[in-house]
Amino acid sequence: MLVTRMIRKLPEIPIFMPCRFARRRLPPEYNKQYLEKINTEALDKYRKSDFVPYPALKSEKLWEIQPMEPKEETKRLYQELIPHNIDPRYRDRLRERLERREMMLRRRNLDIPEFYVGSVVAVKTADKFAPNQSHRFMGICIERFNEGLWTRFTLRNVVEKTAVEIQYELYNPTIQSIEVLLLEKRLDHNLLYLRDAPLEESRFPFDMSRIPYDPSDPVPINDKKVKLLPPPWKFKWYLHGYRGIHDTMYDYLTPQQLSEIQSKINLVDRYDLMKMYRSRLCLEEKQIAFGDVQIQHQDLIRHHERRRQELIGKHKEIKSSDKSTTYGCR
């Protein structure tokens with residue numbers, strides 16, 4: 001039986017509370033301060049105020065913007081901004097728009113270049129335990145997954161005859177710079193089978209110089225076929241339909257593994273049209289996402305131009321002050 005004690009806060013209304021709250025008189029839940037619920041009038045007043053997320057849209061409402069045709073440059077630079085999770089139960093378009101805004105603000109301080117699975121990338125991160133307070137690692141990108149703020153990529157290289165993989169978050173604030181040394185694509189969406197390949201397939205020199213490329217040219221595709229080591233393998237690569245693995249590797253498969261391939265080929269999911277429709281983003285959704293990104297991309301360009309002009313002005317001031325000091329000394 002719970003022992004209670006009567007506390008008279010008001011003379012007319014007695015309050016019965018457990019004994020564990022007797023010393024403090026009231027439980028901690030009573031001391032919480034809740035914000036007032038925003039009504040419709042206050043929300044409309046905020047929407048009509050001078051503060052808008054994009055200065056170029058001061059006279060328009062963000063949700064009334066007509067989708068525009070995205071440029072090819074936007075598609076290549078912001079490939080992680082396309083929503084991948086199409087399930088309506090886990091999708092929130094307002095959250096996606098806020099995340100795109102946050103990612104574009106992050107790009108004001110970090111230049112994120114265009115790279116794909118198969119490109120050779122060098123990443124410099126802040127590390128307080130390193131001698132120069134920074135750490136640089138380069139390697140081939142074997143995986144790039146997730147979307148939005150949760151986009152991650154994995155680099156693989158060989159260090160002292162040992163394969164090393166480091167996974168980075170693309171929008172991690174500790175990343176100081178991302179440099180693409182070799183821009184190219186592979187035949188597959190990931191290169192996880194390199195873990196079962198010889199180390200020569202993943203070895204790249206750390207002093208590798210950057211190979212220049214023209215952004216207007218199409219991305220080159222490397223159709224190299226990789227020969228794996230003999231079994232056992234780390235995962236069942238033969239069930240994923242990789243095109244970058246040499247055909248001679250199928251000779252190592254056992255009858256049981258071949259039957260697994262046959263059972264996966266006979267799955268009826270590839271005939272499910274509704275599943276295909278739910279797993280793909282329609283053209284209108286892509287245009288809305290890229291149209292929003294295109295507006296923010298213009299803001300990003302203006303921000304960098306304004307920052308460049310400020311740096312030029314500071315440089316001129318320092319140069320003029322140096323000249324005045326030299327003339328004064330004479």
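This is a predicted model: local features need pLDDT of at least 70, side-chain atom pairs count only at pLDDT 80 or more; totals for chains, interfaces and linings use all residues.

Visitor: What about Gln-133, what is its phi?

Guide: Gln-133 is not a glycine either, and its phi is positive at about 60°. This residue belongs to the loop between E3 and E4, and with a relative accessibility of 44% Gln-133 counts as partly exposed.

Visitor: You keep naming strands, so what is the order of the strands in the sheet?

Guide: The sheet is an open one of 5 strands, arranged in the order E6-E5-E4-E3-E7, and the pairing is antiparallel. Strand E6 (162–169) and strand E7 (175–182) are the edge strands, each of them pairing on one side only. On average, neighbouring strands of this sheet are turned by 35° against each other, when direction is ignored.

Visitor: How many bridges are there between E3 and E4?

Guide: Strand E3, residues 120–126, and strand E4, residues 134–145, are joined in the antiparallel sense over 7 bridges. In one of the pairs, Ala-126 has Ser-134 of E4 as its bridge partner.

Visitor: OK, and how many bridges join E5 to E4, and how many join E5 to E6?

Guide: E4 and E5 run antiparallel and are joined by 5 bridges, with Phe-153 in E5 as the bridge partner of Arg-144. E5 and E6 also run antiparallel, and 8 bridges join them; here Leu-155 has Ile-166 in E6 as its bridge partner. The hairpin formed by E5 and E6 has 2 residues between the strands, and Glu-160 in that turn has a positive phi of about 55°.

Visitor: Changing topic: how many salt bridges are counted?

Guide: The count comes to 13 salt bridges. In general, side chains of opposite charge can pair when their charged atoms come close.

Visitor: Are Arg-156 and Glu-165 buried, partly exposed or exposed?

Guide: Arg-156 is buried, its relative accessible area being 5%, whereas Glu-165 counts as partly exposed at 29% relative accessibility.

Visitor: Which residue does Arg-308 form a salt bridge with?

Guide: Arg-308 forms a salt bridge with Glu-305, and the closest N and O atoms are 2.7 Å apart. The two are 3 residues apart in helix H6, so about one helical turn separates Arg-308 and Glu-305. Arg-308 is partly exposed at 40% relative accessibility, and Glu-305 is partly exposed as well, with a relative accessible area of 36%.

Visitor: Which residues are linked in a network of salt bridges?

Guide: Glu-80, Arg-107 and Arg-144 are linked in such a network, and Arg-144 is also the residue whose bridge partner in E5 is Phe-153.

Visitor: Now the second largest pocket: what is its volume, and which residues lie nearest its centre?

Guide: Its volume is about 400 Å³. The pocket is lined by 18 residues, and Glu-73, Leu-77, Asp-111, Ile-112 and Pro-113 lie nearest its centre. By type, the lining of the second largest pocket divides into 9 nonpolar, 3 polar and 6 charged residues. Helix H2 (72–77) and helix H6 (283–329) each supply at least two residues of this lining.

Visitor: One last thing: which residues does a cis peptide bond join?

Guide: A cis peptide bond joins Pro-231 and Pro-232, with omega at about 10°, and Pro-232 lies in the loop between E7 and H4. For background, most peptide bonds are trans.

Terms used
Residues are numbered from 1 along each chain as its sequence is written. Side-chain values use heavy atoms; hydrogens and water are left out. On a 1 Å grid over the protein atoms alone, a cavity is a set of points where a 1.4 Å probe fits but cannot get out, and a pocket is an open set with protein on both sides within 12 Å along at least five of seven lines; lining residues have an atom within 4 Å of a point. Grid points are joined across faces, edges and corners, and a volume is the space filled by probe spheres set on the points. Helices (H or I, at least four residues) and strands (E, at least two) are DSSP runs, numbered from the N terminus. Ala, Val, Leu, Ile, Met, Phe, Trp, Tyr, Cys and Pro count as nonpolar, Asp, Glu, Lys and Arg as charged, and the others, Gly among them, as polar. Two strands pair if DSSP finds at least two bridges between them. Axes are lines fitted to C-alpha atoms, for helices over the stretch in contact, and angles run from 0 to 180 degrees between N-to-C directions. A salt bridge is a side-chain nitrogen of Lys or Arg within 4 Å of a carboxyl oxygen of Asp or Glu. Buried means under 20% relative accessible area, exposed over 50%, partly exposed in between (1.4 Å probe, protein chains only).
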